[in-house]
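Hi,

Here is the structure I promised to pass on.

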Amino acid sequence: MIDWSTLDTLLLDMDGTLLDLHYDNHFWLEHVPRRYAEQKGLSTEDARAELYARYKKMEGTLDWYCVDYWSRELGLDIPQLKEEVNHLIQVHPYVLDFLHAVRALKKRVLLVTNAHGKAIEIKFRRTALGNHFDHVVCSHDLRVPKEHAGFWRKLEALHPFDKTRTLLVDDSLPVLRAARDYGVGHLLAVRKPDTRMPEKDVGDFRAISSFREIMPT
């Protein structure tokens, strides 16, 4: 699927791509509503309905991914709540082997994520991911999410790359579309970001079920 001789730079998403999205889905859809219900004296069902509507309103914006924003809005210590269920943070199969392999090929590897810095710290402490990247690029530092063209312009200005020799692997279709529109030459979607959920429809993007499928030999 991948001719590694044609690539110099690898851009990798984190949540749902390198890490099982089950942690984030459980956190936002189950754990936060439970804690919010306790704080507000609501039923879990009412809390879930209220929060889902608030999530939907912010979807695709930088605040949607911002730990500090949700801490302020909900009156909850979101980083502390994330720690309460950090045992659910799991690296997808073959990811670490894949990262070792591409580093052995002397490819430049960038983590490009919408995750907030505090969330990245929690996940790096829980996993062995942190030492495998040349750079970690967080959309909060660039002040624009990956779904927008501005992110890719700022990324290229900060870490110049040849778009024709760059591969992005991401589980978000809006992000992949934005990268395609910007001209990133090689794109791969992820069929099963959350291991507890069915495979997702990846549209017209090429996709992988596991990093084993593109493991350099």
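Predicted model: local features only at pLDDT ≥ 70, side-chain atom pairs only at ≥ 80, totals over all residues.

Below is what I found, going from the whole chain down to a single residue.

**The chain as a whole**

The protein chain has nine helices and six strands. Its radius of gyration comes out at 18 Å, close to the 17 Å that the globule rule gives for 217 residues, so the chain is as compact as a globular protein of that length. If you want a box for it, the C-alpha atoms fill roughly 60 × 30 × 30 Å along the principal axes. Buried residues account for 52% of the 217 residues. Looking at contacts with a separation of 6 or more, 66% of them link residues 24 or more positions apart.

**The sheet**

The six strands make an open sheet with parallel pairing, in the order β3-β2-β1-β4-β5-β6. At the edges sit β3 (135-138) and β6 (207-208), each of which pairs on one side only. Further in, β1 (residues 9-12) and β4 (residues 166-169) run parallel and are joined by four bridges. If you'd like a spot to start from in the viewer, find Thr 9, which stands opposite Thr 166 in β4.

Helix α8 (residues 149-158) packs on this sheet and touches β1, β2, β3 and β4, with its direction at about 145° to that of β2. Then there is helix α6 (residues 117-126), which lies across β2 (108-113) and β3 and runs at about 140° to β3.

**Asp 170**

This is the residue I'd zoom in on. Asp 170 is in the loop between β4 and α9 (173-182). Is Asp 170 buried or exposed? Its relative accessibility is 1%, and the cut-off for buried is under 20%, so Asp 170 counts as buried.

What does the side chain of Asp 170 have beside it? One of its polar atoms lies 2.9 Å from the backbone nitrogen of Ser 172. Leaving aside neighbours within four places in sequence, Asp 170 is also in contact with Asp 13, Thr 17, Lys 146, Val 175, Leu 176, Leu 188, Ala 189 and Val 190.

That's everything from my side. Over to you!

Cheers

Methods
Residues numbered from 1 in each chain as written. Heavy atoms only, no water. Pairing = 2+ DSSP bridges. Helix = DSSP H or I, 4+ residues; strand = E, 2+ residues; numbered from the N terminus. Contact = heavy atoms within 4.5 Å. Axes fitted to C-alpha atoms, helices over the stretch in contact; angles between N-to-C directions. Buried < 20%, exposed > 50% of the residue type's maximum accessible area, 1.4 Å probe, protein only. Polar contact = N/O pair within 3.5 Å; in protein donor to acceptor, adjacent residues only side chain to side chain. Rg over C-alpha atoms; globule rule 2.2 N^0.38 Å.
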